[in-house]
Structure formats: C-alpha cells, structure tokens
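Thanks for coming. I will go through the nonpolar cores and then a couple of loop positions.

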Amino acid sequence: LDDSMDEAAQEFATFPTLLYDGPFSDHIARRRPLFIENAEGVTQEAAAQKAADFLGCGTDALTCTGQGIGPLAAYGFSWEGSMVSVTRQGGQVCYYKKDGQVKSPRLSYPQALEAAKDFLSQAGFPPLTESYYVTSDGLCTINFHTIDTTENGQQALCYPDLVKVTVELEQGGAVELDCTGFLMNCHRRTLKSPRIRQEEAQQTLSPLLEVEKAGLAVIPGPGLEELLCWEFLCTAADGREILSYVNTETGLE
C-alpha cells in the first residue's frame with residue numbers, strides 16, 4: 001500500500017499547479033460554466049487559432065495535446081515550452097503555463113501587479129480588481145476578481161469570479177494564467193442593498209480583533225449559492241491577519 005501511495009503521489013506531482021488558490025477557490029468547479037453556458041461550440045481549428053493568437057505564433061507551429069472533458073472541456077495546445085487550453089464551448093482561454101526558471105528576482109509586487117494587469121488587458125479580459133497575492137521562488141501569483149454593484153450603488157468584490165495570474169519577478173513576464181473560476185462563475189448578478197450596515201456587522205466581531213479594512217464581498221456558501229457579506233481584514237493579538245465575513249442579510253459571521 002505504501003508503494004502504491006508513493007507512485008500515486010509522484011504522478012500527481014507532474015500536474016501543473018498554482019502556488020496559491022485563494023479564498024473560496026475550492027468551489028469554482030462545482031457548477032456549470034456560467035460565463036460561457038450560452039456560447040456555441042468551436043472546432044479544434046478555431047480553438048487552435050485562438051491559442052496561436054494568445055501565444056503569438058502560427059497555428060502550424062502548435063502541437064495539439066488532446067481534448068479535456070468535464071464541465072469546462074477544452075482543447076490543449078503546446079508551443080516552445082508553453083501550454084494553453086481553449087474551451088470547446090465559446091473558445092475561451094482557460095489555462096496557460098510557460099516553462100522556465102527565475103534566476104535573479106528583482107521586481108517588486110507593484111511592478112508585478114502592473115505587468116499582470118497589462119497581460120490581462122492584452123488577453124482581452126474586462127477590467128478586474130486585484131485582491132490577495134503571494135510571492136515565492138521568484139514568482140508572484142495575484143488573484144483578480146470582478147466588481148459588481150448593489151441596488152443602492154455600493155461596490156462588492158466577487159470572489160467566485162477568480163482569475164489567477166503568475167508573474168516571474170526577473171523580467172516581469174506572465175508565466176501562468178488560470179481563468180477557471182471566472183469562466184465557471186461569472187454571470188449577471190442582482191445584489192440587494194445590505195440590510196446590515198457595516199458598523200452593525202463590525203460589532204459582531206471578536207473584541208480581540210482589530211479591523212484594518214472593510215468592504216462588501218460576494219462569497220460562495222456551503223452549497224452553490226452566493227452570499228453578500230461584509231468582509232473585514234483584521235489583525236489578531238498575536239499579529240496574524242484574519243479575514244472575517246458577516247452576512248449582510250442575517251448579520252451572522
């Protein structure tokens with residue numbers, strides 16, 4: 001049994017992964033792809049053209065690596081150490097990864113953020129807002145999300161609409177992109193005005209927490225429903241950062 005588990009672990013280690021999945025990311029594959037659910041299917045040739053445009057090469061230079069199945073089925077292509085997946089429905093780029101090592105990290109987070117925003121803009125994404133990030137081994141992975149508006153005009157960060165971009169900190173190039181959350185969850189929402197005001201919600205927090213920042217956020221619930229909450233970024237007595245969420249309808253943390 002130990003040998004079998006070791007073999008399985010080695011196989012899983014070969015799959016590409018991101019350094020940081022972010023809050024609530026385990027919910028992203030638990031629904032149908034809302035962003036492209038009404039889009040038409042595309043041929044492998046059309047998907048190859050999309051991949052070639054994204055990578056900046058000709059379609060004849062691409063190698064087709066197969067077709068995926070599941071809620072977000074995609075065609076896979078590779079070119080000179082880069083791989084990209086294009087959805088079979090709608091023809092949207094859903095994943096990208098570029099091989100390479102970072103020898104001398106020199107860029108700061110603000111520089112990486114600017115590079116990531118430029119990359120998303122050139123890739124044709126709508127305006128997105130960054131939330132949290134992590135830097136490790138010369139790479140900076142940044143989470144981006146859409147912003148929606150409540151009935152009374154307040155803005156809310158939509159965590160389910162997740163786009164993750166990884167930037168290498170030597171030259172500032174984007175080496176990984178994961179749009180799964182965005183394609184699975186992004187849709188037209190109707191957000192009610194908060195019944196619980198921010199001040200009321202903050203009173204439900206532990207007195208041991210010091211609130212550093214607050215705002216509205218859409219998060220997934222235990223099932224597939226979405227909840228509008230007040231998000232509080234807090235500091236605990238031991239210096240740890242704590243995120244607390246209070247339902248804007250019920251006032252429950």
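When I say that one residue touches another, I mean that they have heavy atoms within 4.5 Å of each other. One caution before the details: this is a predicted model.

Take Val 165. Leaving out residues up to four places away in sequence, Val 165 touches Ala 116, Phe 119, Leu 120, Cys 140, Thr 141, Ile 142, Phe 144, Ala 174, Glu 176 and Leu 177.

Val 165 also belongs to the largest nonpolar core, which has 40 residues. The residues with the most contacts inside that core are Val 165, Leu 120, Phe 144, Val 163 and Leu 177. Which helix gives the most to this core? That is helix H3, residues 109-122, with six residues. Apart from this core lies another one, of 13 residues, including Leu 191, Ile 196, Cys 234 and Val 246.

Now the loops. Most residues other than glycine have a negative phi. Two positions are worth looking at with that in mind.

Glu 80 is not a glycine, yet its phi is positive, at about 45°. Where is Glu 80? Glu 80 sits in the loop between strand E2, residues 74-79, and strand E3, residues 82-87. Its relative accessibility is 67%, so Glu 80 counts as exposed, the cut-off being over 50%.

The other position is Asp 137, also not a glycine, with a positive phi of about 55°. Asp 137 is in the loop that runs between strand E5, residues 129-136, and strand E6, residues 139-149. Is Asp 137 buried or exposed? Asp 137 has a relative accessible area of 68%, so it is exposed.

That is all I have.

Key
Residues are numbered from 1 along each chain as its sequence is written. This is a predicted model: local features need pLDDT of at least 70, side-chain atom pairs count only at pLDDT 80 or more; totals for chains, interfaces and linings use all residues. Side-chain values use heavy atoms; hydrogens and water are left out. Helices (H or I, at least four residues) and strands (E, at least two) are DSSP runs, numbered from the N terminus. Buried means under 20% relative accessible area, exposed over 50%, partly exposed in between (1.4 Å probe, protein chains only). A nonpolar core is a set of buried Ala, Val, Leu, Ile, Met, Phe, Trp, Tyr and Cys residues joined through side-chain atoms within 4.5 Å.
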